[in-house]
Amino acid sequence: MTTPAGHCFRVLGLLSGTSVDGIDVAVAEIREDAGTVVLTPLGELDVPYPAGLRADLLDALPPRPSSARQLTVLDTRVGQSFADAAALGIAAYGPVDVIASLGQTVYHWVENGVALGTLQLGQPAWIAERTGVPVIADLRIRDITAGGQGAPLASTLDAMWLRGLAEETGRPVAALNLGGIANITVVTQSGNVLAYDTGPANALLDLAAAHVSDGKLSADVDGRLALAGSVREDLLDRLLADPYFAAAPPKSTGKEHFHGGYLDSALSGLPPLSPEDLLATLTELTAATVAAECRRHGVATVVASGGGVANPATMAALARLLPGGALRTSDDLGLPGSGKEAYLTALLGWLSWCGVPATLPSATGASGPRLLGALTPGAAPLNLPAPLGGAATRLRVAESGQSR
């Protein structure tokens, strides 16, 4: 793969995950060096949604009904919030060449294991207007049109980043993202890659915390409830019987499946549970489903990131169910876990900006690799770089000041 004079682009990544808990912003310098993508993290921000917007977004998620007017209003308000977040990122870390936005997913349409469509809110024109920078957005749908799941796109970064570690250890390595939904990317020592959503992570935990606290809690902060409870095997067995867990990859899911009604159905007819036992059982569900998939692929090292890493109950359950010493975090390997998905978004934008396909068919199930995204011009005429040749196969995370 070649690039004109090894030019280094500054890219800003934006997204809000399935937990709908705010906007992740990251700025990175990204360049190519003899077939290796060099990503230098420059900084990341966590920008809360404006008061009321998170509640309005949650109110629009399945299984609740929504209207064209409601989605239009939210698309605008989320776009404006993303624009403000991008401006904060530029003010903090300097100007950028391009912005990539994964938006806010509100619906991922899957029937009989086939992804048919996906909807991300956050109109990119607001971002381009606010910053004057070109924006690459709507990054999932092209993979779906090629027969893929449109997820997990984290596999693109993980496969390049962890390939060397798998070769070094001679054993498969898994990247684990603990967001609203948990997903893994398994990278083997021979370079084969498999990625998919394993099931719920924070999605059900946050719902349960809000339910047992009458809305006073939006999450089980520091895993306090779960750590004080015990696993109820009757509920766990009922949850594990969900056909999603037995389905073969590639597969993807979201809050359109793991929502409040789903939890209510699982609890129906069971003896009452204490709040602590409910949270302990849901935490065990996340850990058990992740660990089962890692064992199935013979994974020796699990590199975790995402909001769930900050939950001691989740991490303790994973450490107990995974092989001894297997659990690490992305921070251990130099990539800030708090901003990993935003750095992923920046990488996806850089690949598209440079004309490089940004999906792995073995991970998403698509018929072939595809260039991702739709491009919204900034204040100036577009000046795209010459397309890179070849494909990106490795990624190195460099410390700031060491990108050259």
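**A walk through the predicted model**

Ala83 is a buried residue, with a relative accessible area of 3%; buried here stands for under 20% relative accessible area, exposed for over 50% and partly exposed for what is in between, using a 1.4 Å probe and protein chains only. What you have on screen is a predicted model, in which local features need pLDDT of at least 70 and side-chain atom pairs count only at pLDDT 80 or more, while totals for chains, interfaces and linings use all residues. Residues are numbered from 1 along each chain as its sequence is written, and side-chain values rest on heavy atoms, with hydrogens and water left out.

Let us stay with Ala83 for a moment. You will find Ala83 in helix α2, residues 68–93; helices (H or I, at least four residues) and strands (E, at least two) are DSSP runs numbered from the N terminus. Leaving aside residues up to four places away in sequence, Ala83 touches Trp126, Ile127, Arg130 and Thr131, where contact means heavy atoms within 4.5 Å.

Two packed helices are described by the angle between their axes and the distance between the axes. The axes of α2 and helix α3 (residues 124–131) come within 7 Å and cross at roughly 35°; axes are lines fitted to C-alpha atoms, for helices over the stretch in contact, and angles run from 0 to 180 degrees between N-to-C directions. On the α2 side, Thr76, Gly79, Gln80, Phe82, Ala83, Asp84, Ala86, Ala87 and Ile90 meet Trp126, Ile127, Arg130 and Thr131 of α3. Seven of the residues in this contact are nonpolar, four polar and two charged; Ala, Val, Leu, Ile, Met, Phe, Trp, Tyr, Cys and Pro count as nonpolar, Asp, Glu, Lys and Arg as charged, and the others, Gly among them, as polar.

Next, please turn to the sheet. Five strands form an open, mixed sheet in the order β9-β8-β7-β10-β11; two strands pair if DSSP finds at least two bridges between them. At the edges stand β9 (193–200) and β11 (327–329), each pairing on one side only. Strand β8 (residues 181–187) pairs with β9 in the antiparallel sense over seven bridges, and Val186 stands opposite Leu194 in β9. Helix α11 (residues 275–296) lies across β7 (173–178), β8, β9 and β10 (301–305), and runs at about 160° to β9.

Now for the aromatic residues. The structure holds four aromatic pairs; rings of Phe, Tyr and Trp (its six-membered ring) pair if their centres lie within 6.5 Å, and planes under 30 degrees apart count as stacked, over 60 as edge-to-face and the rest as tilted. The ring centres of Tyr244 and Phe245 are 6.3 Å apart and their planes stand at 80°, so this pair is edge-to-face. Tyr244 is buried at 12% relative accessibility. Tyr244 and Phe258 are edge-to-face too, because their ring centres lie 6.2 Å apart with planes at 90°. Since Tyr244 lies in helix α9 (residues 243–246) and Phe258 in the loop between α9 and α10 (260–267), the pair ties together parts that are 14 residues apart in sequence. Phe258 is buried, at 0% relative accessible area. Tyr244, Phe245, Phe258 and Tyr262 form one aromatic cluster.

Our last stop is Ile136, in strand β6 (residues 135–137). Ile136 counts as buried at 4% relative accessibility, and its contacts beyond four places in sequence include Val98, Ile99, Trp353 and Leu372.
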